[in-house]
Amino acid sequence: MPELPEVETTRRGLEPHLRGRRIRELVLRDPRLRWPVPPDLPARLAGRDVRGLTRRAKYLLLETDGPGLLLHLGMSGSLRRCAPETPLRPHDHLILRLDDGFEIRLHDPRRFGCCLPLPEPPGTHPLLAALGPEPLGEGFDGDHLFRLSRGRRVPVKAFIMDQQVVVGVGNIYASEALFLAGIRPGRAAGRVSRAEYRALADHIRAVLTEAITEGGTTLRDFVREDGSHGYFRQRLRVYGRAGQPCLACGSPIRSRRIGNRASAYCPRCQR
Ligand SMILES: [Zn+2]
């Protein structure tokens, strides 16, 4: 599943090719995404000038001089820029034809992604209105986590993966940041101290930034290549390492289910 770093890498890769371009045509090859793509969307987008491609949580916002697009890559989606003669693949559901002759294609085999009209201002869209702060933006720090967590019994890992608390902290990044902060994922959110939350917030930012930097390297040429992306080859410390020795102390990494997600941790380093 594309996580925040992959979405941000996609944004950074495509933005220079979209900003200032005019949309010639939006082609709906198959509108059956997570929510049906409104049939009048192509007519509303044709001839619009693209102002930019921004991101909110894992949504991409294509802003124009008129209606924009709200895009989500779902479980298996990717966006790819290609020349028009590039053969279409199965699951290329949507094509944005630009005035430079290139196309941006939305590829999504599992169809959990979305493409919806973006209102003005974009933040008023119901999918965006209730979201918490961006982990890499202003308004997110340890004090924010501490304040929201008082009296909460939910496991701290589920708490930091709650989109109303902070957006875009997926399973990998939550697991890694909790390890680095020395906090056990199952501890009640309300039992984590202010100092621990400050360390945790710093580590959340660091692991996401590292992944984005890494993604920029890994996907340097993704715009010309197949547009696919697996998880970034990051140095993972606990995620996916259950049973293997902790890199810090050598104890076997354990795994338990929290909020129906596998949660890896070191029983000695995380308390
Ligand atoms: Zn350890």
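Let me begin with a convention: helices (H or I, at least four residues) and strands (E, at least two) are DSSP runs, numbered from the N terminus. What we are looking at is a predicted model, in which local features need pLDDT of at least 70 and side-chain atom pairs count only at pLDDT 80 or more, while totals for chains, interfaces and linings use all residues. Residues are numbered from 1 along each chain as its sequence is written, and side-chain values use heavy atoms, with hydrogens and water left out.

I will start inside the protein, with the cavity. On a 1 Å grid over the protein atoms alone, a cavity is a set of points where a 1.4 Å probe fits but cannot get out, and a lining residue has an atom within 4 Å of a point. Grid points are joined across faces, edges and corners, and a volume is the space filled by probe spheres set on the points. A search of the whole structure finds 1 cavity of 30 Å³ or more, and the volume of the largest cavity is about 100 Å³. Which elements each supply at least two residues of its lining? They are helix H1 (4-18), E4, strand E6 (92-98) and strand E7 (103-107), and E7 gives the most, with 3 residues. Among the lining residues are Leu14, Leu62, Leu69, Ile104 and Arg105. By class, the lining has 11 nonpolar, no polar and 1 charged residues, where Ala, Val, Leu, Ile, Met, Phe, Trp, Tyr, Cys and Pro count as nonpolar, Asp, Glu, Lys and Arg as charged, and the others, Gly among them, as polar.

Leu62 stands opposite Leu69 in E4, and 4 bridges join E3 to strand E4 (residues 68-72), the two running antiparallel; strands are said to pair if DSSP finds at least two bridges between them. The hairpin from E3 to E4 passes through 3 residues. Strand E3 (residues 59-64) is mostly covered, with 5 of its 6 residues buried, buried meaning under 20% relative accessible area, exposed over 50%, and partly exposed in between (1.4 Å probe, protein chains only).

The hairpin of E2 and E3 has 2 residues between the strands, and there Ala57 takes a positive phi near 55°. Ala57 counts as buried, because its relative accessibility is 3%. Arg111, which is not a glycine either, has a positive phi of about 60°; Arg111 sits in the loop between E7 and E8 and is partly exposed, at 25% relative accessible area. A further backbone feature is the cis peptide bond joining Glu120 and Pro121, with omega about -5°, and Pro121 has its place in the loop between strand E8 (114-118) and helix H3 (126-129). Why point these out? Most residues other than glycine have a negative phi, and most peptide bonds are trans.

Next, a helix. Why can we call helix H6 (residues 171-181) largely enclosed by the rest of the structure? Because 10 of its 11 residues are buried, including Asn171, Tyr173, Glu176 and Phe179. H6 is followed by Gly182, whose phi is positive, near 70°.

Finally, the metal. Which residues coordinate the zinc ion? Cys246, Cys249, Cys266 and Cys269 do so, each through SG, at 2.2 to 2.4 Å, donors being N, O and S atoms within 2.8 Å of the metal (3.2 Å for Na, K and Ca), with the caution that water is not among the atoms, so sites may look incomplete. The angles among the 4 donor atoms are 100 to 113°, and the site is tetrahedral, a label given to four donors if all angles lie between 85 and 135 degrees. In sequence the donor residues are spaced C-x2-C-x16-C-x2-C. Within this set, Cys249 and Cys266 link distant parts of the chain, 17 residues apart: Cys249 lies in the loop between helix H7 (194-218) and strand E9 (254-258), and Cys266 in the segment after strand E10 (261-265). Cys249 counts as partly exposed, at 29% relative accessibility, whereas Cys266 is buried, with a relative accessible area of 0%.

Notes:
Tetrahedral: all angles 85-135°; square planar, octahedral: opposite > 155°, others 65-115°. 1 Å grid on protein atoms, 1.4 Å probe; cavity = no way out; pocket = protein on both sides within 12 Å on 5 of 7 lines; lining within 4 Å.
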